[in-house]
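Have the viewer open as you read.

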Amino acid sequence: MAPIQNSRVIFNSIPEGYPVPGETLIIENESIDLDNDPLGGGVLVQIVCISVDPYLRSRMREPHVPSYAPAFTLHKPIHNHAVARVLRSENADVKPGQHLYGWFDFAHYQIVDAEGLKRMRILPEGSGVPWSVYVGVGGMPGQTAYYGWKELEPKKARRHLSGETIYISTAAGPVGCTVMQLAKAAGLKVIASAGQETKLQFLRELGADVVFNYKTADLDDVLKEHAPLDIYWDHVGGKTLDTVLPRMKVHGRILIVGHMSSYNNAPDPVYNLDRFLALRIKMLGFLVIDHDEKYSKEFYEVVPGKIARGELKYNETVVRSLEEAPQLILDVQQGNNFGKAVIVLADD
Ligand SMILES: NC(=O)c1ccc[n+]([C@@H]2O[C@H](COP(=O)([O-])OP(=O)(O)OC[C@H]3O[C@@H](n4cnc5c(N)ncnc54)[C@H](OP(=O)(O)O)[C@@H]3O)[C@@H](O)[C@H]2O)c1
């Protein structure tokens, strides 16, 4: 076959505020020869689906600014967790037709060298879990919920979580809805918030005890009525965190998982820091990759089975072309996705 055009999403400029489709991220083509391009001991893959996650915004920054994930390189393709099907292989452990999970470019095709392959996982065929879900509740976002929940669980040895109260902000996304289901299964009272009625309805269906729209309800009024909280699972930071602090119980726990309120603008100040001492609150900054070694084996033994049996519910917002990726990335920042945002480029 003659070389073909391979579209890719390129990091074109560092945004101030929200990323601008067509300016921050642009689509460019490169030529690729699927039959003859050298693989360097690696594989040629076709990307099946790519995850769009909130943290991608934090990677659109100056390279010298430190963070937990490296900055994207200007004028190069952006990349993220994805599932890809192997087309050709020069690696004895990886066969054509197998599906890999790992970081791939926002592209249709990619050559991954032998070094890159070491960081990939071979997914099981015929597990009953759609490939797109392996980047959602069956992938990094689900792991965030599962591992984070495990980190809260040691308390269980001393006292049961059952009967405790948790507030989960941004609860309808893949992380939040997984935490919700784990918390309900453990017998907690769950307070959950989101910014759209469809999301709130989903949370009610999952069994949340208290559901509210954070854009229209007063958070402090909600917490006055339904708190104090044993656990706050924080996806938002800023004013939300500030409002929650005085509504924690003595010895309450806060897991800082994300800060949606400041990915695109300066963070709001948190004033109520005196509550840490008064209430002896424990707060933990949590990053999924720090816990991968400890929990990933258990995660893949437990969670895909739950998904396949319909025991773990989720929603997805799917687009089917790379051209739509820059807008989907913006939609996630602005709350216009409902559930896991994913770009599906191939069906198998
Ligand atoms: N620490 C880690 O290792 C780790 C790993 C994965 C994800 N995370 C974090 O976990 C959180 C949830 O991730 P996800 O993939 O499940 O995301 P998601 O819910 O699919 O998408 C993000 C949602 O955040 C909400 N949002 C946007 N701006 C907001 C604001 N100012 N205040 C409150 N909510 C706002 C929007 O929903 P609404 O309609 O509700 O506004 C949007 O849909 C994010 O903060 C993410 O960065 C952390």
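## Ground rules

Contact, or touching, here means heavy atoms within 4.5 Å. With that in hand, take I166: leaving out residues up to four places away in sequence, its partners are W149, V179, A183, L188, K189, V190, I191, L229, I231 and W233.

A word on the source: this is a predicted model, where local features need pLDDT of at least 70 and side-chain atom pairs count only at pLDDT 80 or more, while totals for chains, interfaces and linings use all residues. Residues are numbered from 1 along each chain as its sequence is written, and side-chain values use heavy atoms, with hydrogens and water left out.

## Two domains

The chain splits into domain 1 (4-135 + 315-344) and domain 2 (148-289), with bounds that come from an automatic or database domain assignment. Their C-alpha centres sit 30 Å apart. Where they meet, 15 residues of domain 1 are in contact with 11 residues of domain 2.

Buried is under 20% relative accessible area, exposed is over 50%, and partly exposed is in between (1.4 Å probe, protein chains only).

## Where α2 meets α9

Helix α2 (residues 140-152) packs on helix α9 (residues 292-308) at an angle of about 115 degrees, the axes being 10 Å apart. Axes are lines fitted to C-alpha atoms, for helices over the stretch in contact, and angles run from 0 to 180 degrees between N-to-C directions. That makes α2 roughly perpendicular to α9, on a scale where under 35 degrees is roughly parallel, over 145 roughly antiparallel, 65 to 115 roughly perpendicular and the rest oblique.

On the α2 side, G142, Q143, Y146, Y147, K150 and E151 do the touching; their partners in α9 include Y295, F299, Y300 and V303.

## D53, tucked into a loop

Look next at D53, in the loop between β3 and β4 (79-89). Is D53 buried or exposed? At 4% relative accessibility, D53 counts as buried. Beyond residues up to four places away in sequence, D53 touches N80, M140, P141, V332, Q333 and K340. One of these, P141, is 88 residues from D53 in sequence, yet the two are 8.5 Å apart in space, C-alpha to C-alpha.

Most residues other than glycine have a negative phi, and most peptide bonds are trans. A few spots here go the other way. A cis peptide bond links A227 to P228, with omega about 15 degrees; P228 is in the loop between α6 (219-226) and β11 (229-234).

Two histidines have a positive phi. H75, in the loop between β3 and β4, has phi near 70 degrees and is exposed, at 54% relative accessible area. H251 sits in strand β12 (residues 248-256) with phi about 65 degrees, and is partly exposed, at 46%.

Notes
Helix = DSSP H or I, 4+ residues; strand = E, 2+ residues; numbered from the N terminus.
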